[in-house]
Amino acid sequence: MLKRPLAWAAIWLVSLPVPGQAATAEMPIYGGLGLTLSKVLPDEQTGAEITNPPGAALPDNRSMALPPIEPGGLHPWHHLIEPQLPRLYRDSPHEAYVMLNANKEVMRVVAHVDNPDCGDSFDWLKRTISKKYEVEGDAEYTNAAGERALRVVFSSRQIDVSCGKRLTMDYLDATMIGIWAETQTRRYAAHEREIAKLDKRKLVLERRKQVRFADTFTLGDQYRLEGAFGIRFERPFARNSTQQFPIDQPFYAVLPVMPDPFVNGDVELTISPAKHPIVIRGRFHNVEFDTIAEALRAKYGLPMKSSSRHIIHKVNGDHVILKRLDNEVELAFIDNSEQLAQRERLWEKESEGL
């Protein structure tokens, strides 16, 4: 895209100084090769769109980075059917292209002729152009490719002719190209804004998808951790069970329903004397570490610690810990207030009688 403000695009294109080899015409340049610049070209005179025809680069005195075309947008260049070549070249193999704006008005027309005569025929072409446009001075110069060349300028329009391996004739209206460039730049910028909106929408949808996945194995919202795998903190585990579970010691918990993809693994639970869960720890096979990490990040935001193997989220004082082990993934949920009470109980037991 253009780096300059749009208001300056056309001015830059039109007002660049013309190099010394250009000659000024006294008569207006209306067009060439059978076409009139700025006039609408009927559809029957154009062929297929083309993205970058030979000779599409602007002449060196009209230096400007033309804007890109958005996908599905109209390319300005088309094949030109039956150009009206000068009589000396009509029987030679040739190809021609025309540059049109959105209104199908001619901005530029370029023709290439094979096997040209860069001697007498080119001399004739030079004399004819110079006479027709009442050119002041000598329009001929040697271009960067070492070819014989002509350049004739009238206001923002110009004719460029070069003769080397083939003859090239180029007629353009710089003002029209500048206006088209401004319009196309705005169109492309609108396309980029739309793409950005779509990308943002995709990110939002992806985040919502990840949050929904996190909700399948965590309890609570983004501000509060209330448990995991259907086990709630601050509530007795298996309240109606007659089984005697170990207190302050981890044991394997058999859970009736586990969400995908956590069916292949084990859940270890540590509970308090009131049967409140302290630590819910699971180790799982066939679970992607990065998938879980993205889901937790989508729900809880940036972790307090993050590495390729160890991630810790702090959620309202409690912790979610994700570890990448050799052949499995470990996911732990800790009620910090219950864990602190557990440490005090264990310390009292350890120091009893002292």
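Predicted model: local features only at pLDDT ≥ 70, side-chain atom pairs only at ≥ 80, totals over all residues.
**Helix H3**

I started with H3, which runs over residues 174-217 and has 44 residues. I wanted to see whether its length fits its residue count. At 1.5 Å a residue the helix should span 64 Å, and its end C-alpha atoms are 64 Å apart, so the two agree. Next I looked at how H3 begins. There, a side-chain oxygen of Asp173 comes within 3.1 Å of the backbone nitrogen of Thr175.

Which residues form the positive surface patch? I found Arg201, Arg208, Lys209 and Arg212. I placed Lys209 in helix H3. A reminder to myself: an α-helix has 3.6 residues a turn, so residues three or four places apart point the same way.

**Backbone checks**

I then turned to the backbone, keeping in mind that most residues other than glycine have a negative phi, and most peptide bonds are trans.

Asn115 has a positive phi, near 50 degrees, and is not a glycine. I traced Asn115 to the loop between strand E7 (106-114) and helix H2 (120-132).

Is the peptide bond from Asp260 to Pro261 cis or trans? I noted cis, with omega near 5 degrees. Pro261 sits in the loop that lies between strand E16 (251-252) and strand E17 (265-271).

Technical notes: Residues numbered from 1 in each chain as written. Heavy atoms only, no water. Helix = DSSP H or I, 4+ residues; strand = E, 2+ residues; numbered from the N terminus. Expected span 1.5 Å × (residues − 1). Polar contact = N/O pair within 3.5 Å; in protein donor to acceptor, adjacent residues only side chain to side chain. Patch = residues over 30% accessible without salt bridge, like charges linked within 9 Å, V, L, I, M, F, W, Y side chains within 5 Å. Areas by Shrake-Rupley, 256 points an atom, 1.4 Å probe, with all protein chains shown as cover. Salt bridge = Lys/Arg side-chain N within 4 Å of Asp/Glu carboxyl O. Lys, Arg positive; Asp, Glu negative; His and termini not counted. Charge placed at Lys NZ, Arg CZ, Asp CG, Glu CD.
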